[in-house]
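Keep the structure in view while reading.

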Amino acid sequence: MVGNGENYEYGPHRVAIPPAKPFFKGLKSSLKETFFPDDPFRQFKNQSCLRRLVLGLQYFVPILEWAPRYTFGFFKADLIAGVTIASLAVPQGISYANLANLPPILGLYSSFVPPLVYAMLGSSRDLAVGTVAVGSLLLASMLGKEVSPTENPKLYVQLAITATFFAGVFQTALGLLRLGFVVDFLSHATIVGFMSGAATVVCLQQLKGVLGLVHFTHQTDIMSVIHSIFSQLHQWRWESGVLGVCFVFFLMVTKYLSKRKKAFFWINALAPLTSVILGSVLVYLTHAEKHGVQVIGHLKKGLNPPSVSELAFGSPHLTLAIKTGIVIGIIGLAEGVAVGRSFAIFKNYHIDGNKEMIAFGMMNIAGSCTSCYLTAGPFSRSAVNFNAGCKTAVSNIVMATAVMITLLFLTPLFHYTPLVVLSAIIIVAMVGLIDYESAIHLWKVDKVDFMVCMGAYFGVVFASVEIGLIIAVTISMLRVLLFIARPRTSVLGNIPNSMIFRSTDQYPVANNVPGVLILHIDAPVYFANANYLRERISRWIYEEEDKLKSSGETSLHYVVLDLSSVGSIDTSGISMLEEIKRNTDRKGQKLVLANPRSEVIKKLDKSKFIEAIGQEWIYLTVGEAVAACNFMLHTCKPNVAADESNRQADENV
């Protein structure tokens, strides 16, 4: 079939050149594909103005969409889930605020206002909003380099709230401008390595609380932490250490039991609050605070005080606050959106990433004005919410109500809560983020992804959280650039007894077509890879000529470029094709194109390349192109022989 070209006599299918579009219409189409791939405006078509207004409000405030359909059955499920996650939110909020070197009360404030905002604007039914360990660590790491939380606590708190404000502004801007793809540059491998590294550092830093140390390094790298621990051997408190080990063991056992059977999820959910209660009672009865066991101390009662006046827009450290806000905003988005999507898959519904960004941004802006610091969607709290059977975001409202009651009436009960219990809660929560199984999976599947993961991990552990993030993103970006600048090219062969052409590397049974070299380009052709492709294609041609010459087979007469995977091309790419054509013409060979895509053929037409190569040498499929080449080889042998003799004469000259 391919060998004699008999099917070619019926004529090939002509490659159509798409009709030209006006510039602004084409630009509009491109922008729509880039920023609105989900076409959010389709619901507004053929609707009245009033209906469009209602749909617009429902789009930006999702609670208006599902609230009319809310039932009492949903409320019962959300009530149970909300109370359950509140039991986790209170100790976690205090613990993570302590991790961020902020007053513990700010952790409780951050579990009151932001969840209410998210319940109105968020699109996830399962996400439980609150403070996050990695964001808290980043905040402490970045702000602590310039402002000491112990020497200048007021300024430190102001900068933390200001950074939260800018995190919210950045997140909202990404959502409104539909720039969610920025977060996509944090690949799965990056997040695994970064989170695991941050979790390792957090666990090590909690040894301060477990050992009862008063002074501790503000650095996050492992060497500084280890040096700080072992340089204060004489200050270790055995009472605090014993308590810490006991509570870590208790929390690990409850976590193990809940994993063994999903019906026991409530054991793990209530364990942190149980630890706080037990620890507080134990300290109160034994007066352990007088024997080296540090406690939280006084927590003032009352709801979130306004903090608009605390936003440090005029501070000389404003640049630091902005930089910190952007970094923690990206990390908060990456974690929150990933967690929300994970649970949405389980329940078979869709969450809008851009809506989530707007919701996250607005709740952090509102939080920064009400004495809160960065909030997102922590995995541990969301997992408890999911397992507790939540139906809607009302579970966040129930949680916020429970936290409000705590703030109004119960905060004095936390006076005797030992810091070692908070450290134990953080350690057990962070151990779950050290995802070694994913790292092993990355090694098996993709070694480069494993390098990205390890780069992020070791960067966080041995340098700092920011450096680890920079290393991971840099390696990921280099991989993207490498893929763009060095696209794969492969030789295609004919699968026996078919008109199918596939890579000879993947299908060793595929046969080369005598006198025809078929090459497949597996990426768009841009200025970044045009020169590489020119050299690589030339090398394929040289290697094929040498192979044919050494085996004494038919000389190479046709070079077929399969452009089916080339989605776009720029002027540098067109120049590359022109140069390839000149080189093949000089050798007496013919360049043939197969299956150019819409954008490619349009640009080849405008650049006059089609006139140069000839419309008759552009085919719809590789099969038609090869059939045409075989037809020419078998019907035009004298001309081919003449071309070959002319080529050899030119080479001798």
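Helix 22 crosses helix 23 in a right-handed sense. The model is predicted. Helix 22 spans residues 527-551, and helix 23 spans residues 571-586. Their axes lie 8 Å apart, at an angle of about 20 degrees. Angles under 35 degrees count as roughly parallel. Helix 22 and helix 23 are therefore roughly parallel to each other.

Which residues of helix 22 and helix 23 make the contact? From helix 22 come F527, A530, L533, R534, I537, S538 and I541. From helix 23 come S572, G573, M576, E579, I580, N583 and T584. By class, this contact of helix 22 with helix 23 has seven nonpolar, five polar and two charged residues.

The crossing of helix 12 and helix 13 is right-handed.

On the helix 12 side, the contact uses L243, F247, F250, L251, T254, K255 and S258. Helix 13 answers with F265, I267, N268, A271, P272, T274, S275, L278, G279 and L282. The contact of helix 12 with helix 13 divides into 10 nonpolar, six polar and one charged residues.

The packing values of the two pairs are set out here.

| Helix pair | Angle | Axis separation |
|---|---|---|
| Helix 22 and helix 23 | about 20 degrees | 8 Å |

Next, the domains. The protein chain is divided into domain 1, residues 70-479, and domain 2, residues 487-636. How many Å separate the centres of domain 1 and domain 2? Taken over C-alpha atoms, the separation is 55 Å.

Last comes a single residue. I222 sits in helix 11, which covers residues 222-230. Is I222 buried or exposed? The cut-off for buried is under 20% relative accessible area. I222 has 17% relative accessibility, so I222 counts as buried.

I222 and V460 are 238 residues apart in sequence, yet their C-alpha atoms are 8.8 Å apart. Which residues does I222 contact, leaving aside its neighbours within four places in sequence? They are L204, V461 and F462.

Notes. Residues are numbered from 1 along each chain as its sequence is written. This is a predicted model: local features need pLDDT of at least 70, side-chain atom pairs count only at pLDDT 80 or more; totals for chains, interfaces and linings use all residues. Side-chain values use heavy atoms; hydrogens and water are left out. A crossing is left-handed if the near helix is turned anticlockwise from the far one by less than a right angle, and right-handed if clockwise. Helices (H or I, at least four residues) and strands (E, at least two) are DSSP runs, numbered from the N terminus. Contact means heavy atoms within 4.5 Å. Ala, Val, Leu, Ile, Met, Phe, Trp, Tyr, Cys and Pro count as nonpolar, Asp, Glu, Lys and Arg as charged, and the others, Gly among them, as polar. Domain bounds come from an automatic or database domain assignment. Axes are lines fitted to C-alpha atoms, for helices over the stretch in contact, and angles run from 0 to 180 degrees between N-to-C directions. Angles under 35 degrees count as roughly parallel, over 145 as roughly antiparallel, 65 to 115 as roughly perpendicular and the rest as oblique. Buried means under 20% relative accessible area, exposed over 50%, partly exposed in between (1.4 Å probe, protein chains only).
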